[in-house]
Amino acid sequence: MFTRRNVLALGAALVAAPRGAFAQAKTDIAISRQPGILYLPTHVIEKKKLLEKHAERLGIPGVSTKWISFSNGGAQQDALLSGSVDIINTGTGPLLVLWDKTRGRVKGICASSAQPLLLISRDPRIKSLADFGEGDKIAVPTVRVSTQAILLQLAASQMFGPDKWNHFDAMTVQLGHPDAFVALKNPTHEVKSHFAAPPFQAYGLKQVPGAHVVASSAEIIGSPLSQGQFMTTTGFAEANPKIVQALRAAAEEAKAFVEMNTAEALEIYREVTGDKTSTADLLDVLKEPGMMEWNIYPQGTMKFATHLAKIGAIKNQPASWKDYYLPVAHDLPGN
């Protein structure tokens, strides 16, 4: 389980290590994968071996990529800091917390999606965020630091004042999206609300009796928000600059492929994840507003950074998104 203590301990270890202690040129690369259609470009990169392709073009043949499944962002972060994986793909909140706690030794490579997240509930009493109270439970991927948890903090600040930013924290419980969806379908389960990511929000609304939308990320933050982004340690990036460059090129190619060959991309998603939903139904999911947002530049991240700095979750307020992204992305129009 990902905790603040984990980050502090692992981050301290990473910072204390001499420069380059973890730096090693590699051709066997380990990258994380998570469930959910918002990670569709990563599945295209995996299945079509785009990282290997672009690495070879950059003069590094023979690259082998191992994709490791995680059910939530917290476990990925622990794996990155411990060296179990080289690159992870997860939300804006974890990127900022890791960047801060490791004093800049974890940074983003490029984004991969900025689809809207929906908070859904099967509790007929819950019509808006204001209806949540003592005893209610909201499933999020990782408490306190996941994108969904931070969105709830932002909403609380807007609703109750900046000093009440943690109003919803006690109501959150940590469940990966598949497990949260199962809980939502169980009418006797104590978790009746799920701040979901695609496609689990669509599944919940379609399959759970009485499920309805309570709030969305777009409403809370007022703009698109990067939900998936690749990140790594600066030690790995310094030792493997062409791998990092190849990954950005792979992400660009995957974005174009998803946009031009959406049905084929969804077949890849179904194969990699084991999702039994039909391609036709998944295409309907992607027809919803904001669901074809695959830009590789970061969006809405500085709003998160400002919030996290205000509440003390990060000690260093970045001046720009480029502070927590590697130079390979600095030509992009991020925010």
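Three bridges tie strand E6 (residues 138–140) to strand E7, and the two run parallel. That's a handy place to start looking around this predicted model, where local features need pLDDT of at least 70, side-chain atom pairs count only at pLDDT 80 or more, and totals for chains, interfaces and linings use all residues. Residues are numbered from 1 along each chain as its sequence is written, and side-chain values use heavy atoms, with hydrogens and water left out.

A word on the labels: helices (H or I, at least four residues) and strands (E, at least two) are DSSP runs, numbered from the N terminus. Two strands pair if DSSP finds at least two bridges between them.

**The sheet**

E6 and E7 belong to an open sheet of five strands with mixed pairing, in the order E7-E6-E8-E5-E9. Strand E7 (172–174) and strand E9 (212–216) sit at the edges with a single partner strand each, so one side of each has no neighbour in the sheet. From one strand to the next, the twist averages 30°.

E6 and E8 are joined by two bridges and run parallel. E5 and E8, on the other hand, run antiparallel, with four bridges between them. There, leucine 119 has phenylalanine 195 of E8 as its bridge partner.

Which residues of E8 point one way, and which the other? Ser193 and Phe195 go one way, His194 and Ala196 go the other, and all are buried. Buried here means under 20% relative accessible area, with exposed over 50% and partly exposed in between (1.4 Å probe, protein chains only).

**Helices against the sheet and each other**

Helix H7 lies across strand E5 (118–121), E6 and strand E8 (193–196), running at about 150° to E8. Axes are lines fitted to C-alpha atoms, for helices over the stretch in contact, and angles run from 0 to 180 degrees between N-to-C directions. Contact means heavy atoms within 4.5 Å.

Two packed helices are described by the angle between their axes and the distance between the axes. Here are two such pairs:

| Helix pair | Angle | Axes |
|---|---|---|
| H7 and H8 | about 10° | 10 Å apart |
| H11 (residues 241–260) and H12 (residues 262–273) | roughly 115° | within 5 Å |

The angle makes H11 roughly perpendicular to H12. For such labels, angles under 35 degrees count as roughly parallel, over 145 as roughly antiparallel, 65 to 115 as roughly perpendicular and the rest as oblique. H11 brings Phe257, Val258, Glu259 and Met260 to the contact, while H12 brings Thr262, Glu264, Ala265 and Ile268. These residues divide into five nonpolar, one polar and two charged. Ala, Val, Leu, Ile, Met, Phe, Trp, Tyr, Cys and Pro count as nonpolar, Asp, Glu, Lys and Arg as charged, and the others, Gly among them, as polar.

Back to the other pair: H7 and H8 pack at an angle of about 10°, which means H7 is roughly parallel to H8. His177, Pro178, Phe181 and Lys185 of H7 meet Phe200, Tyr203, Gly204 and Gln207 of H8. By class, that contact has four nonpolar, three polar and one charged residues.

**Aromatic pairs**

How many aromatic pairs does a search of the whole structure find? It turns up seven. Rings of Phe, Tyr and Trp (its six-membered ring) pair if their centres lie within 6.5 Å; planes under 30 degrees apart count as stacked, over 60 as edge-to-face and the rest as tilted.

Phenylalanine 181 and tyrosine 203 make a tilted pair, 6.0 Å centre to centre with 55° between the planes. This pair links distant parts of the chain, 22 residues apart: phenylalanine 181 is in helix H7 (residues 177–185) and tyrosine 203 in helix H8 (residues 200–207). Phenylalanine 181 counts as buried because its relative accessibility is 9%, and tyrosine 203 is buried too, at 8%.

The rings of tryptophan 321 and tyrosine 325 have centres 5.6 Å apart and planes at 75°, so they are edge-to-face. Tryptophan 321 is buried at 6% relative accessible area, and tyrosine 325 is buried at 0%. Ring pairs link Trp99, Trp321, Tyr324 and Tyr325 into a cluster.

**A buried glycine**

Glycine 36 has its place in the loop between strand E1 (28–33) and helix H2 (40–47). With a relative accessible area of 2%, glycine 36 is buried. Leaving aside neighbours within four places in sequence, glycine 36 is in contact with His43, Pro198, Pro199, Phe200 and Tyr269.
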